[in-house]
Amino acid sequence: MASLGPVGMAAPVPPPTQPGFSYADAGQVCPRFVMALYSADTRRDAGPGDAYQRAMRFASSTLAGQSAAADRDGRWATWAGHRVHLNTVVEPFADLPQPADNAITARRTIRVTATPVGEDGWRGWTERSVIDCALRRGGPDGPGWRVTGYEIRQAGLR
């Protein structure tokens, strides 16, 4: 049974972790979060929310506790019909100067290119996006860096 805090709320649940990953470098946490977020694979996933759940291994307990709209991706039925996996590439991106890191907070920006590729040769539109990650170190999630929030900016389709 979870212990109750001063206002009758359950104690925070630690976020899931990625075995073997140290969370020591904010510059590694955000790209892994984004890669997991864009890792949908209809051959192994029960639904579109599975990729979001994999990304939560790099998120704060607060973010991990939020419900994802990813469970309702309208592309899933088409993708499943072609047995699609996403071919995803992530890379650091600097369009604007980032604020300097401090001991507790950091920001990282990642460019992602994701193309749905079916086993039958079908290919969907390539999505190009920029993801801004806000990261925090320490607190109830432990000593490492965790993504506390993110924003997806569409950079185009082709």
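In which strand is tryptophan 145 found? In this predicted model, tryptophan 145 belongs to strand β4. Its relative accessible area is 4%, so tryptophan 145 is buried. Across the fold, tryptophan 145 and cysteine 30 stand 9.1 Å apart, C-alpha to C-alpha, although 115 residues separate them in sequence.

**Aromatic contacts**

A pair of aromatic rings is described by the distance of the centres and the angle of the planes. The structure contains four aromatic pairs. One of them joins phenylalanine 21 and phenylalanine 58, with ring centres 5.4 Å apart and planes at 85°, so the arrangement is edge-to-face. Because phenylalanine 21 sits in the segment before α1 (26–37) and phenylalanine 58 in the loop between α2 (49–55) and α3 (61–64), this pair ties together parts that are 37 residues apart in sequence. Phenylalanine 21 and phenylalanine 58 are both buried.

A further edge-to-face pair is made by phenylalanine 33 and tyrosine 150, since their ring centres are 5.1 Å apart and their planes meet at 65°. This pair links distant parts of the chain: phenylalanine 33 lies in helix α1 and tyrosine 150 in strand β4 (residues 145–157), 117 residues apart. Phenylalanine 33 has 0% relative accessibility and therefore counts as buried, whereas tyrosine 150, at 29%, counts as partly exposed.

Over the face of tyrosine 23 lies arginine 146, at 4.2 Å from the ring centre. Tyrosine 23 is placed in the segment before α1.

Most residues other than glycine have a negative phi, and most peptide bonds are trans. Tyrosine 23 is not a glycine, yet has a positive phi of about 65°. Arginine 83, likewise not a glycine, has a positive phi of about 55°. Arginine 83 is located in the loop between α4 and β1 (84–92).

The table lists relative accessibility for residues discussed in this report.

| Residue | Relative accessibility | Class |
|---|---|---|
| Tyrosine 23 | 6% | buried |
| Phenylalanine 33 | 0% | buried |
| Arginine 83 | 39% | partly exposed |
| Tryptophan 145 | 4% | buried |
| Tyrosine 150 | 29% | partly exposed |

**Nonpolar core**

The largest nonpolar core has 25 residues, of which Val29, Phe33, Val34, Cys133 and Leu135 touch the most other members. At least two residues of this core come from each of α1, α2, β2, β3 (127–137) and β4. Helix α1 gives the most, with seven residues. Phe33, one of the members with the most contacts in the core, is also the helix α1 partner in the pair with tyrosine 150.

**Largest pocket**

Rolling a probe the size of a water molecule over the atoms shows where empty space is left. Sorted by class, the lining of the largest pocket consists of 18 nonpolar, three polar and four charged residues.

Conventions: Residues are numbered from 1 along each chain as its sequence is written. This is a predicted model: local features need pLDDT of at least 70, side-chain atom pairs count only at pLDDT 80 or more; totals for chains, interfaces and linings use all residues. Side-chain values use heavy atoms; hydrogens and water are left out. Rings of Phe, Tyr and Trp (its six-membered ring) pair if their centres lie within 6.5 Å; planes under 30 degrees apart count as stacked, over 60 as edge-to-face and the rest as tilted. Helices (H or I, at least four residues) and strands (E, at least two) are DSSP runs, numbered from the N terminus. Buried means under 20% relative accessible area, exposed over 50%, partly exposed in between (1.4 Å probe, protein chains only). A charge sits over a ring if NZ of Lys or CZ of Arg is within 6 Å of the ring centre and within 35 degrees of the ring normal. Ala, Val, Leu, Ile, Met, Phe, Trp, Tyr, Cys and Pro count as nonpolar, Asp, Glu, Lys and Arg as charged, and the others, Gly among them, as polar. A nonpolar core is a set of buried Ala, Val, Leu, Ile, Met, Phe, Trp, Tyr and Cys residues joined through side-chain atoms within 4.5 Å.
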